[in-house]
Amino acid sequence: MPKLRPLFSFAAVLAAVLMPFAAAQAQENDTLAKIKASGSITFGYRESSFGFSYLDANLKPIGYSIEICNRIVEAVKSELKMPAVEIKYQAVTSANRIPLVQNGTVDIECGSTTNLVERQKLVAFSPDIFRYNVRMLVKADSGIKSIADLQGKTVATTSGTTSFRLLREADRGRNLEVTNLAGKDHSDSFLLVESGRAQAFVLDDILLAGQIANARNPKDFIITGESLRTENQSLMFRKDDPVFKALVDRVVSGMMKSGEMEKLYAKWFMSPIPPKGININYPLNAETKEAFANPSSKGI
């Protein structure tokens, strides 16, 4: 028995050293405790993900993803028995959205982020709120109809997205000689095509549809080419916070099963929306119907 004492002592010392770090990590990831202490929650929003998360005429964040996050705040108030929770807003980009969630600047990202298994090592996701195909936007008179037609062309993508990687991984994209030009956000990438600096813009087709709807001359642009991948869009928040994830999952799944999510979809993608009263006119696709019928956050 005496021989076991040094081992026991070492284990006890190690536990004593590690416990404060574990407790600190748990506290850092406890979103509800953070909201309770501060009286506020911070939404991450996108400035030009039309329909999902963008700025209205008064520079206020609005959209489908923002409204879903608003429903989550109502559930947070009920859970914490708080009459009010202040909503703060933090603009995010494709490049900085994950770090800002990880470091606690943003509590939940209400934007247009793809739920990838590789990203789940860094952050957590809600059930999919949208599914779509990655395709390309070109000028209607460009003659570009498929990936093969991009040979020798310049392709715009948004910094921090997976679009150019998907293009390169496509069978018909592996041997292409193309130049990639990165925009800081989706509107910047669209401008590269509009101005002629790039011949195509590769992104989620629903976001491309939003850019066309808001263009000065929408008829000048089309979405074309084969799908590079079907992707799933989700709300994003800190990982290792099972209590907050359970609340988010409950709210999002409940909206899907009650039919509220489909009504919200119709409001933002099949009706005139602020600030210009433009209709993106993107009917509910089979992939998103499946997401609503069988809520999942497993990622791709």
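Is V155 buried or exposed? V155 is buried, with a relative accessible area of 0%. Keep in mind that this is a predicted model. The protein has ten helices and 15 strands, and of its 300 residues, 50% count as buried.

**The overall picture**

**V155 and its surroundings**

- V155 sits in strand β9, which covers residues 154-158.
- Setting aside residues up to four places away in sequence, V155 touches L150, L167, V178, T179, N180, L181, A198, A200 and V202.
- V155 and V193 are 38 residues apart in sequence, yet their C-alpha atoms are 8.4 Å apart in space.

- T113 belongs to strand β6 (residues 108-114), while Q233 has its place in strand β13 (residues 230-238).
- T113 counts as buried because its relative accessibility is 0%, and Q233 counts as buried at 0% as well.
- The side chain of T113 has a couple of polar partners to look at: it makes a polar contact with the side chain of R97 at 3.1 Å, and another with the side chain of E109 at 2.8 Å.
- Leaving out neighbours within four places in sequence, T113 is in contact with R97, R119, F125, N232, Q233, S234 and M236. R97 therefore turns up both in this list and as a polar partner of the T113 side chain.

**How α3 packs on α8**

- Helix α3 (residues 64-80) packs against helix α8 (residues 242-258) at an angle of about 125°, and their axes are 10 Å apart.
- That angle is why α3 counts as oblique to α8.
- Looking at handedness, α3 passes α8 in a right-handed crossing.
- On the α3 side, the residues that meet α8 are I68, R71, I72, A75, V76 and E79. Their counterparts in α8 are F244, L247, V248, R250, V251, V252 and M255.
- Sorted by type, the residues of this contact are ten nonpolar, no polar and three charged.

**N217, out in a loop**

- N217 is found in the loop between α7 (205-213) and β12 (221-224).
- With a relative accessible area of 46%, N217 is partly exposed.
- N217 and N294 are 77 residues apart in sequence, and the C-alpha to C-alpha distance between them is 38 Å.

Technical notes:
Residues numbered from 1 in each chain as written. Predicted model: local features only at pLDDT ≥ 70, side-chain atom pairs only at ≥ 80, totals over all residues. Heavy atoms only, no water. Helix = DSSP H or I, 4+ residues; strand = E, 2+ residues; numbered from the N terminus. Buried < 20%, exposed > 50% of the residue type's maximum accessible area, 1.4 Å probe, protein only. Polar contact = N/O pair within 3.5 Å; in protein donor to acceptor, adjacent residues only side chain to side chain. Contact = heavy atoms within 4.5 Å. Axes fitted to C-alpha atoms, helices over the stretch in contact; angles between N-to-C directions. Parallel < 35°, antiparallel > 145°, perpendicular 65-115°, else oblique. Left-handed = near helix turned anticlockwise from the far one by under 90°. Nonpolar A, V, L, I, M, F, W, Y, C, P; charged D, E, K, R; others polar.
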